[in-house]
Amino acid sequence: MSNLPFTLDQLKILQTIIIEGSFKKAATKLYISQPAVSLQIQNLERQLNTPIFYRDKRQARLTEAGQLLLKYSDRILNLCEETCRGLEEIQTLQSGILIIGASQTTGTYLMPRLIGIFRHKYPQIAIELQVHSTRRIAWGVAKGQIDLAIVGGEIPKNLQSTLDITSYAEDELALILPTSHPFASLEYIQKEDLYRLKFIALNTQSTIRNVIENTLIENGIDSRQFKIEMELNSIEAIKNAVQSGLGAAFVSVSAISKELELNIIHWAKIKDITISRTLSIIVNPKRYYASSIKIFKREILDMFLVSSSFDNKLNLLWPEEEK
């Protein structure tokens, strides 16, 4: 289609104005003058024959036409960036940047080790790791801003048919206790014993806490009946509190491998119950599938598919000589 009523530069300027919040800040971000930004927007509105910004306020506010143009601008510019990355990859034989996403616990405790293994073998491929909630990461994959992700929370239902979702591993939730706790000497405890413990939990705004509570409910454990003695804002703080004898907590096994090796906390097993959640690999099948993504899956992820337990996976990630 010829004679398009906009240029890529104009779309980039429009996108930057909205991200930065004003024409002036957009000009600074793009290293051009504010009059140049204003002129480009005026030319764009003339070419489209419709206003895209309201002029009644100092704040940059889009008209309905402007909102529609911004929506497609994001998609167009993402595709342009993807195209350039694909061409660069062909020219440089698998170099470039691989953008990986992960939910909070996975991104903090598992992904750095996976990325380290990958970078050791393929140093020419740079990796950017983005760690957010599962919902935010899933939308990043859907929008083409993230190449591949490993998440442990629930993927939004309206994205499940859009994304390619593969089960990766069963991440067990561990009940951790101080090593001095009376239950630490038992082979296992009963489910009813949970309601006698004093618990340490993440704060109520935490998405990780919601995932843990939902997983417990699915296993017939009502966390609403727990005696919550303390709320903290990080898993590291919770582990330190448990180690100091302040209470019990549920955390991902992937978060406590080193503490278990050093025997500074106790993993209490619950009779006849294994509490786990599924970690999933997500990609957008409609995007260009770069060879760096294929290599990452083949060299790192395919070794750890659900065929083995998460304990075995952790043993593979931390070889005996490094423990």
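**Largest pocket**

I looked up which element gives the largest share of the lining of the largest pocket, and found α8, with eleven residues. The model is a predicted one, so I kept to its limits: local features need pLDDT of at least 70, side-chain atom pairs count only at pLDDT 80 or more, and totals for chains, interfaces and linings use all residues. Residues are numbered from 1 along each chain as its sequence is written, and side-chain values use heavy atoms, with hydrogens and water left out.

I noted the terms. A pocket is an open set of points on a 1 Å grid over the protein atoms alone, with protein on both sides within 12 Å along at least five of seven lines; a cavity is a set of points where a 1.4 Å probe fits but cannot get out; lining residues have an atom within 4 Å of a point. Grid points are joined across faces, edges and corners, and a volume is the space filled by probe spheres set on the points. Helices (H or I, at least four residues) and strands (E, at least two) are DSSP runs, numbered from the N terminus.

The largest pocket holds about 820 Å³ of space. I counted 43 lining residues, with T207, I208, N210, V211 and I212 nearest the centre of this pocket. The elements that give two or more residues to this lining are α5 (104-121), α6 (134-142), β5 (198-202), α8 (207-218), α9 (235-243), β7 (249-252) and β9 (276-283). By class, the lining of the largest pocket has 19 nonpolar, 16 polar and eight charged residues. Here Ala, Val, Leu, Ile, Met, Phe, Trp, Tyr, Cys and Pro count as nonpolar, Asp, Glu, Lys and Arg as charged, and the others, Gly among them, as polar. Domain 2 (87-169 + 278-316) and domain 3 (170-276) each give at least three residues to the lining of the largest pocket; the domain bounds come from an automatic or database domain assignment.

**Second largest pocket**

I then turned to the second largest pocket, with about 600 Å³ of space. It is lined by 18 residues, and D74, R75, N78, K143 and Q145 are the closest to its centre. α4 gives the most to this lining, eight residues; α1 (8-20) and α4 (64-92) each supply at least two. I noted nine charged, five polar and four nonpolar residues in the lining of the second largest pocket. At least three residues come from each of domain 1 (8-73) and domain 2 (87-169 + 278-316).

**Cavities**

How many cavities of 30 Å³ or more does the structure hold? I found two.

The largest cavity has about 60 Å³ of space. Its lining includes E172, F250, W267 and K269. β4 (164-177) gives the most to this lining, with four residues. By class, the lining of the largest cavity has nine nonpolar, one polar and two charged residues.

The second largest cavity has about 30 Å³ of space and is lined by D147, N284, R287, Y288, Y289 and I293.

**Cysteines**

I searched the whole structure for disulfides (pairs of cysteine sulfur atoms within 2.5 Å) and found zero. C80 is in no disulfide, and the nearest cysteine sulfur, that of C84, is 6.8 Å away.

C80 is partly exposed, at 27%, and C84 is exposed, at 53%.

Notes. Buried < 20%, exposed > 50% of the residue type's maximum accessible area, 1.4 Å probe, protein only.
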